[in-house]
Amino acid sequence: MTTTRTQVGIIGAGPAGLLLSHILHLHGIDSVIVENRSRAAIEQTIRAGVLEQGTIDLLRELDVAGRIATVGAYHHGFDLRWRGATHRVDMQALTGRSIAVYPQHEVLIDLIARRLATGADIRFEVSDTQIHDFDSTSPAISFTDATGAARRIACDFIAGCDGSWGVGRKTLPDAKHFLRVYPFAWFGILCHAPVSNDAILYARSQAGFALISTRTDNVQRMYFQCDPAENPDDWSDERIWTQLQACVAGPDGYRLHEGPVFQKSVIPLRSFVCEPMQHGRLFLAGDAAHLVPPTGAKGLNLAANDVVLLARGIESFYHKNDRAKLDSYTPDALRRIWRAQHFSWWMTSMLHNAPEHNEFDARRSEAELDFVTTDRNAETALASVYAGAPLGE
Ligand code: PHB
């Protein structure tokens, strides 16, 4: 078995793993990333992506924000729609901050290119990844590489950035898991059609929740609330458009631009936190440690915040011989994680029809939407959390 030595062994070439590896590199700290998918699979899996102001700032600092304005778009506000009327939450005016819609796989394309250009060691298409000796000062990662050869990476620290089903969380002992599964899911589509709305639109209606987002001038991303057991094959384009139009219909005559649907899937909604996020020399970051329902658009941003804190801890360990920031990584990261859990749960509850809800609950949610769009303090609070606080605070 061939053994490689590095300072930080990173499992997973998603946003958390790649960001961590690049920030460490800028601080002169070496890492190796192992990833079980191929580079092409990572770069082609279409994922959502709303970047908070702080995440945009981080990508700019890392010099990987160059394509956001052309491939994605900056948004100064977002829309809330209920009872058939739309309200624009002008984040820029209320908070001085805005967001970008830039799908996660585009972020990954940029980060992989930048990492490889700086000579990074990324092993794609590995299998049988295992974590060893994380309770000691010389942990290791073993795996089978793309050619079938057994490999071992000896390191000082291991970062489990390998998502919800990864080996990182499975290996972490004695953690408590907090989970909420929602009784509804999202039916997500990609279609060829012109832009329907110039901002992300979240709609609440008797027909259920819908979200109107965009990818390019002629590719649109939309979602509507559905039963988690729904089979996408049971939905023709016509049925999809009837449902989406019903979710946004109103006396103002608003209609979506329709077009051929070329991708459809059912996305479960979950809230999840793993505590603690570390043990010995093993640290979790991103989806490996927590999941939020996509309503608050926080997933990628939470991963970025974990990574900023973890990189800071690793950096002060090497450069200042100080373990304090690593020791407090879990409580430091959990603060924002739980606030994002609350926000995502709140947005989800305010905008969806839960099966157990009756007309009282519907009226109550409408009153909540009325409050957050007419009380300036409440609207500013909503806009502020949506645009996000600076990372690493
Ligand atoms: C998306 O563009 O896919 C998207 C936008 C906002 C969300 C979730 C997903 O809250």
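Q: Why is Glu-35 called buried?
A: This is a predicted model. Glu-35 has a relative accessible area of 4%. Buried means under 20%, so Glu-35 is buried.

Q: What makes the pair Arg-37 and Glu-35 a salt bridge?
A: The closest N and O atoms of Arg-37 and Glu-35 are 2.8 Å apart. The cut-off is 4 Å between a side-chain nitrogen of Lys or Arg and a carboxyl oxygen of Asp or Glu. The pair therefore counts.

Q: Is Arg-37 buried or partly exposed, and why?
A: Arg-37 has a relative accessible area of 32%.

Q: What makes Asp-63 and Arg-114 a salt bridge?
A: Their closest N and O atoms are 3.5 Å apart. The limit is 4 Å, so the pair qualifies.

Q: Why is this pair said to link distant parts of the chain?
A: Asp-63 and Arg-114 are 51 residues apart. Asp-63 sits in the loop between helix H3 (53-61) and helix H4 (68-71). Arg-114 belongs to helix H6 (residues 104-117).

Q: Why is Asp-63 called exposed, and Arg-114 partly exposed?
A: Asp-63 has 54% relative accessibility. Exposed means over 50%, so Asp-63 passes. Arg-114 has 26%. That value falls between 20% and 50%, so Arg-114 is partly exposed.

Q: What makes Asp-327 and Arg-323 a salt bridge?
A: The closest N and O atoms of Asp-327 and Arg-323 are 3.0 Å apart. Asp-327, at 46%, is partly exposed. Arg-323, at 28%, is also partly exposed.

Q: Which residues do salt bridges with shared partners join into one network?
A: Glu-52, Lys-298 and Arg-336.

Q: How many salt bridges does the whole structure hold, and how many lie between domain 1 and domain 2?
A: The search of the whole structure finds 19. Between domain 1 and domain 2 the count is zero.

Q: How do you know that domain 1 and domain 2 touch?
A: 26 residues of domain 1 are in contact with 26 residues of domain 2. The area buried between them is about 2,200 Å², with 67% from carbon and sulfur atoms. Seven residue pairs are in polar contact across the interface.

Q: Why is Pro-268 called partly exposed?
A: Pro-268 lies in strand S18. Its relative accessibility is 49%. Exposed requires over 50% and buried under 20%, so Pro-268 is partly exposed.

Methods
Residues are numbered from 1 along each chain as its sequence is written. This is a predicted model: local features need pLDDT of at least 70, side-chain atom pairs count only at pLDDT 80 or more; totals for chains, interfaces and linings use all residues. Side-chain values use heavy atoms; hydrogens and water are left out. Contact means heavy atoms within 4.5 Å. Buried area is the accessible area (1.4 Å probe) that two parts lose on being put together, summed over both. A polar contact is a pair of N or O atoms within 3.5 Å; within protein, one must be able to donate a hydrogen and the other to accept it, and residues adjacent in sequence count only if both atoms are side-chain atoms. Helices (H or I, at least four residues) and strands (E, at least two) are DSSP runs, numbered from the N terminus. Buried means under 20% relative accessible area, exposed over 50%, partly exposed in between (1.4 Å probe, protein chains only).
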